[in-house]
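Here are my notes on this one, jotted down as I went through it. Have the viewer open while you read.

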Amino acid sequence: MIGILVSVINGLLLGSIYGLAAIGLTLIFGVMKVINLAHGAMIALGMFALYFLATSGGMNPYLALPLVAIGGFVGGVAVYWIGVHRVIGRAELMSLLATFAVSMIIIGLGTALWSTSPYNVQINIPGVAIGNYTIPGNHLVAAVIAILIAAALYLFLFYTRLGKAIRAVASNRQAAELMGIPSTRVLAIAFGIGIGIAAVAGALIATLFPFTILSGGGYELKSFVVTVLGGLGNPAGALLGGLLLGFIEGVVSPFVDVSWTPVIEFSLFVVILIAFPMGLFRVGRGK
Amino acid sequence: MKKLALSLLISASLTAPAISYAKDIVIGFTTSETGKLNADSTPQLQGFELWRDQVNAAGGIKVGNDHYKVKFVKYDDQSTASRVQQLYVRLVTQDNANFLFSPYSSGLTATAAIISEQYGKVMITTGAAEGKTYELGNQYLFQMYTPANLYLASALDAVKAKDPGAKIALIYENGGFAKAVAKGAKQYAGKLGLNVVMDEAYDPSTTDFSPILNKVVTSGATVLIGGGHFADGSTLARQLHEQNMKLKMISLLVAPDVPKFVELGDAAYGVSVPSQWEPEVKFTPDFGPTAAQFTKEYKARYHVTPGYHAAGGYASGIVLEHAIEQAGSLDTDKVAAALNKMNATTFYGNIQFATDKSDHGLQIGHDMVLAQWQKDSQGKLGKQVVWPAAAGTAPLIYPISK
Amino acid sequence: MLKKPFFWIMVATVIAFVVMPIFGGIGVRESLFLAAVYMILALNLNLMIGYTGYVNFGSIVFFGLGGTLGIYAITVMGWPLWAALIGAAVVVALLALLLGLGILRLRGAYFALATIGVVEATKSFVSNFDPFGGSTGMYISFSSYKPLGGPREALWIVYFLVIAVLAASLLLGYMIKRSRFGLGLFAIREDEDAAMVLGVKAPLFKAIIYSVSSILPAMAGVLFFFKNGVIQPDQAFELTLSIEAIVMLMLGGQGTVFGAALGGFAYEQFRGYLLTSATFSNFHLVIAGALLLLIVLFAPGGLTGWLHERWSLTRRVLE
């Protein structure tokens with residue numbers, strides 16, 4: 001019984017990080033209807049950024065997080081102008097391919113620079129013991145940070161001028177333009193924020209697990225699942241979706257072989273997408 | 001620029017030893033320069049290359065009265081099987097490879113193996129322990145590794161001797177090699193009368209092991225055996241440490257033998273690995289260097305102690321070299337016949353291939369050892385051979401006390 | 001049809017694929033084999049993306065599932081190759097029809113995401129499903145090649161079979177384009193709601209084309225893995241190859257038979273060159289990615305679009 005409880009707690013902790021990663025993806029989709037296939041590559045870049053700041057730069061990994069976020073934001077804005085701006089409003093195939101091309105370039109460069117052997121960021125935080133089970137300390141810290149960042153983003157989107165502008169562009173770009181919002185600049189900023197969040201999520205994951213430049217791929221797929229659970233384009237839903245995914249993983253794994261978990265996850269993903277295209281947390285049907 | 005190149009050429013030809021090579025022997029293979037198997041594949045490639053350079057420096061391979069220079073042609077398989085066949089066919093048809101080495105890993109080798117049959121080329125397989133490939137009716141495959149079903153025999157023997165009542169959890173990557181190992185281990189544990197309380201595979205891309213580790217705690221297991229390749233195995237070892245698992249023995253495949261494993265620090269301590277070879281083994285070789293010579297030369301060149309992936313690569317070279325010299329020819333069938341006849345000891349251990357039609361090429365001469373990461377008197381981590389006890393350089397630490 | 005120049009271009013292409021390895025030898029055959037498989041994938045994907053406007057990110061699932069079922073039929077049930085080909089194609093087409101009725105209710109990005117989910121779910125299912133060998137996959141005993149004259153001779157037969165599937169893919173794409181059914185698909189691509197108003201049975205049309213586009217890739221999967229000698233799930237259901245098929249389509253120009261075929265061929269040659277070239281092999285992904293980005297941003301019509309801009313003649317000839 002305790003085993004199941006611990007498994008669920010573990011799942012929720014990790015789920016909050018899945019949620020954070022997915023927020024980056026869903027924010028971009030919500031604002032400019034682009035599914036960012038470079039999401040995984042950006043997560044991986046966040047991992048490496050943290051690694052170099054923490055090992056070569058000698059910084060405390062957690063204090064390095066803001067730098068990773070800023071770097072991600074700047075990189076994201078650059079990617080927007082280079083690869084994404086021209087495909088906004090065109091068929092979704094174009095934006096999918098443009099972001100996929102960016103992903104190929106990043107992964108190709110990363111492979112050439114850092115090979116594909118795993119890297120480790122060493123963190124020693126004592127874990128919390130529950131009976132014979134232990135919840136690792138770095139998981140607890142990472143989950144708390146993920147939720148704080150998600151909350152900060154929520155406050156930003158709802159209570160600042162820029163945040164409101166982003167939401168206005170997301171709901172109706174023409175109308176926002178008429179209200180005097182420079183929509184193109186807002187798009188670039190929103191893309192930057194999305195990438196910044198993906199990079200921080202990657203950095204948090206790097207404090208938990210070894211990683212390579214290819215590691216982002218798995219979290220990208222998880223982000224898709226999470227966004228669909230929470231509703232595409234809905235940042236608050238994404239965090240809930242992440243927690244739900246973590247909860248499902250935690251509840252399921254004591255009862256079936258863990259290698260079956262992806263089967264359950266992705267089947268659920270397809271079914272929910274067909275049955276509730278707007279996500280579980282919002283009533284209504286997709287177009 | 002041209003002048004410089006010319007003068008370099010001249011000085012190179014002046015300093016090179018005065019050997020006249022009749023021709024080249026071309027050996028083709030793919031290696032995982034990129035992709036998830038990169039860390040495992042690199043030492044194997046280094047083993048190949050060390051052998052090549054030593055052979056060529058010593059005058060090449062002698063075939064009849066001619067000296068042949070060894071030339072490699074290699075491509076990057078990106079750790080995925082999709083292009084392996086195309087690349088191997090290219091090696092045979094366009095690059096005119098005389099002989100083939102296998103890629104790293106059982107999965108890629110299974111894909112490459114059929115080329116040796118289709119195009120009639122000898123392929124020495126190394127870094128590929130899974131045995132099924134040899135049961136398909138081949139004539140030209142020769143396996144350097146002890147087959148997968150025997151991989152964990154030494155670890156289980158050790159458990160049986162130290163703690164026959166141990167509860168064993170088998171936790172392994174859901175992939176060809178690790179699954180074959182686990183299947184063999186489960187059978188062998190049954191034969192020894194050991195108690196396997198958990199038997200579960202995990203997805204190869206797993207990074208979060210906490211669900212499965214929680215299940216290990218629930219099962220009450222005291223010994224954990226399993227793993228897969230470097231990426232998942234090193235992650236598993238790290239999380240075993242972070243989750244403070246109170247296990248008496250941890251034995252993982254492959255990962256602890258890759259030199260990078262030591263970067264895990266305390267998490268590496270006490271972890272054992274079934275190994276095809278360790279630098280401390282003492283065989284009297286019929287041909288080729290001793291283990292000490294190989295270790296010294298490898299270290300001088302790559303600045304790291306060789307593991308068994310490197311030794312397997314190097315040993316593939318000397319075994320092929322020996323067979324070619326015995327055959328006195330580059331002809332596939334003659335060299336294959338020499339390999340079929342081989343029953344020799346090298347620095348890497350005894351080498352003999354099954355010649356039965358049903359499992360031709362399977363390695364039947366070679367035995368494995370168990371190595372464990374231990375601390376020396378200064379607290380520095382190093383690998384020691386711990387089983388079989390007679391061949392060991394240190395006693396097995398059981399239970400691991402952290 | 002016999003009067004159309006493009007029909008004869010297709011005939012000439014197929015003849016070239018048959019003749020070239022006979023004179024060029026085994027190396028040429030191997031290169032053309034992979035090119036032909038890629039062309040089959042791109043041509044059939046074109047039916048969904050180019051004709052119907054639905055971005056199928058998971059087309060590889062047909063190839064992998066066809067291969068898995070076909071190899072299962074050969075190794076476990078002992079079927080001959082031809083029966084396995086037909087059996088796998090029929091089962092995959094039926095599954096695709098059922099699945100299509102479900103996921104084709106989604107449009108745009110939602111559909112694209114669902115197809116990714118289908119690939120991942122199928123891959124992890126097959127990896128855990130022991131009758132298909134689980135993650136170890138299935139191995140073909142060399143004796144299975146005996147009926148075709150041994151492993152070496154079987155390669156030629158498999159090659160010609162793949163060329164037959166390629167010919168069928170070309171013809172299928174061409175005939176659909178010139179049919180009333182094809183017109184219905186184009187109407188869906190331009191404006192699905194308007195097409196429905198005009199009486200196009202969009203849900204049915206979409207499910208049918210989804211299923212039709214699965215048949216020939218499934219057969220290509222059987223042939224590819226029969227030649228391969230072993231089938232493992234992570235090789236059979238490689239999402240990357242699925243995305244690469246889209247890249248081929250973009251490279252050649254979506255919506256045309258010629259573009260899809262050219263894209264598949266050119267992409268294979270290009271990647272093959274980068275991967276084996278000493279200078280570029282370290283940067284092959286970077287170069288391929290940069291090229292794709294340039295095409296998407298500046299030449300979305302691909303090679304065919306570029307030709308059309310240059311010479312108006314090609315517009316009438318290349319379909």
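1. Start at I168(B). Setting aside neighbours within four places in sequence, I168(B) is in contact with V159(B), A189(B), L194(B), N195(B), V196(B), V197(B), A221(B), V223(B) and I225(B). Keep in mind that this is a predicted model.

2. I168(B) also turns up in the largest nonpolar core, a set of 356 residues. The members that touch the most others there are I17(A), L50(A), I168(B), V181(B), A36(C) and V162(C). Where does this core lie relative to domain 1 and domain 2 of chain B? Both domain 1 (21-146 + 281-359) and domain 2 (150-275 + 368-391) contribute residues, so the core sits between them. As background, nonpolar side chains in soluble globular proteins tend to be buried together.

3. On to the A/B contact: 29 residues of chain A meet 31 residues of chain B. On the chain A side, helix 1 (2-32), strand 2 (133-135) and helix 10 (235-252) each supply at least two residues. Helix 1 of chain A gives the largest share, with 5 residues. Sorted by class, that side of chain A has 11 nonpolar, 16 polar and 2 charged residues.

4. How confident is the predictor about chain B? The pLDDT averages 89, and 94% of the residues score at least 70. Strand 4 (residues 99-101) of chain B has the highest confidence, at 97, while helix 1 (residues 2-15) of chain B has the lowest, with a mean of 45.

5. One stretch to flag is residues 1-18 of chain B, where the pLDDT is below 50. Beyond near neighbours in sequence, this stretch makes 0 contacts in the model.

Notes: Residues numbered from 1 in each chain as written. Chains lettered and ligands numbered in written order. Predicted model: local features only at pLDDT ≥ 70, side-chain atom pairs only at ≥ 80, totals over all residues. Contact = placed C-beta atoms within 7 Å. Helix = DSSP H or I, 4+ residues; strand = E, 2+ residues; numbered from the N terminus. Nonpolar A, V, L, I, M, F, W, Y, C, P; charged D, E, K, R; others polar. pLDDT = per-residue confidence, 0-100. Core = buried A, V, L, I, M, F, W, Y, C linked by C-beta atoms within 7 Å. Buried ≥ 20, exposed ≤ 12 C-beta atoms within 10 Å, placed from the backbone. Domains from an automatic or database assignment.
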